[in-house]
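Here are some friendly notes to read with the model open beside you. Take the points in order and find each element as you go.

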Amino acid sequence: MKSVTSRDNPFYKELKHLAGSSHALRKAGRSLLDGVHLCQAWLDLVGQPVHCIVSEGALANPEVAAIVDRVTAPATSLPDALFGALSQVEHGIHLLFLVETPRPARPDALVQSAVLLDGVQDPGNAGSILRSAGAAGIKQVYCSPGTASIWSPKVLRAAMGAHFVLEIFENVDLADLIRNADVPVLATSGYASERIYDVDLSGPVAWLLGHEGQGVSDALLNMATHRVAIPHAGAVESLNVAACAAVCFFEQLRQQQQA
């Protein structure tokens, strides 16, 4: 393992640039995985990183040491003070993977269950939706240009490794996707009269989820096969979009398992 101790080291300066700029990461086609859970999930589900970066202090942690032992890619250790400038996790375990961001080939048409994110901007919500989708067995996620940067560190942390079991497509024209879909498209809306529990979800469907405040755009709502609502009691006006997504995905899973 190589040791870097200077802030002026070219590799360290490049890492710091990447860690501080989602745009730089996207331009490089790479992502940073921060912490034991994400790094271990990557090794288990995808393979080797481009580079492993660990702090000198973290090497004494048995979990970190076990992961580093599995890495055959280049690895670099940093003093704790230098590593701290790379991580957005306060009081986290100092382990990073630099990885090539997966870019799967986009299918010609929507033919299986999927999630369509129309301007979901909060990274925590986006990550939670991905996590629920992965847990419910949904394989594809399509993101409109206004959606949160799906491979950003905050979304990655919220998704807890779900990225690695999903095919994720960014900057998608959702109108074109819906227009050519071979599965029903269900748009969630607090104003819909049709309840989610009254729709046949035993086959593949595409879930269309919208912006936290504005919901799904009117143009896309008008293209959906169904507009569905989740009935709820009490004075709260509506569910958070991530909570709504979880209810939808697992109602579909329930119906599929009973079919």
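1. Let us begin with a term: two strands pair if DSSP finds at least two bridges between them. Helices (H or I, at least four residues) and strands (E, at least two) are DSSP runs, numbered from the N terminus. This is a predicted model, in which local features need pLDDT of at least 70 and side-chain atom pairs count only at pLDDT 80 or more, while totals for chains, interfaces and linings use all residues. Residues are numbered from 1 along each chain as its sequence is written, and side-chain values use heavy atoms, leaving out hydrogens and water.

2. Now the sheet. Seven strands make an open sheet with parallel pairing, in the order β8-β7-β6-β11-β9-β12-β10. β8 and β10 (194-195) are at the edges with a single partner strand each, so one side of each has no neighbour in the sheet.

3. Contact means heavy atoms within 4.5 Å; axes are lines fitted to C-alpha atoms, for helices over the stretch in contact, with angles from 0 to 180 degrees between N-to-C directions.

4. Stay with α10 (residues 241-258): its 18 residues reach 26 Å from first C-alpha to last, close to the 26 Å expected at 1.5 Å a residue. That expected span is 1.5 Å times one less than the number of residues. Among the buried residues of α10 are Val-241, Cys-248 and Phe-249; buried means under 20% relative accessible area, exposed over 50%, and partly exposed in between (1.4 Å probe, protein chains only). The buried residues of α10 pack against β6 (114-118), α6 (123-135), β9 (185-188) and β11 (206-210).

5. Finally, look at the rings. Rings of Phe, Tyr and Trp (its six-membered ring) pair if their centres lie within 6.5 Å; planes under 30 degrees apart count as stacked, over 60 as edge-to-face and the rest as tilted. By this rule there are four aromatic pairs. One of them is the stacked pair of Tyr-142 and Phe-169, at 4.8 Å centre to centre with 25° between the planes. Tyr-142 lies in β7 (residues 140-143) and Phe-169 in β8 (residues 167-169), so the pair ties together parts 27 residues apart in sequence. Tyr-142 is buried, with a relative accessible area of 0%, and Phe-169 is buried at 5%.
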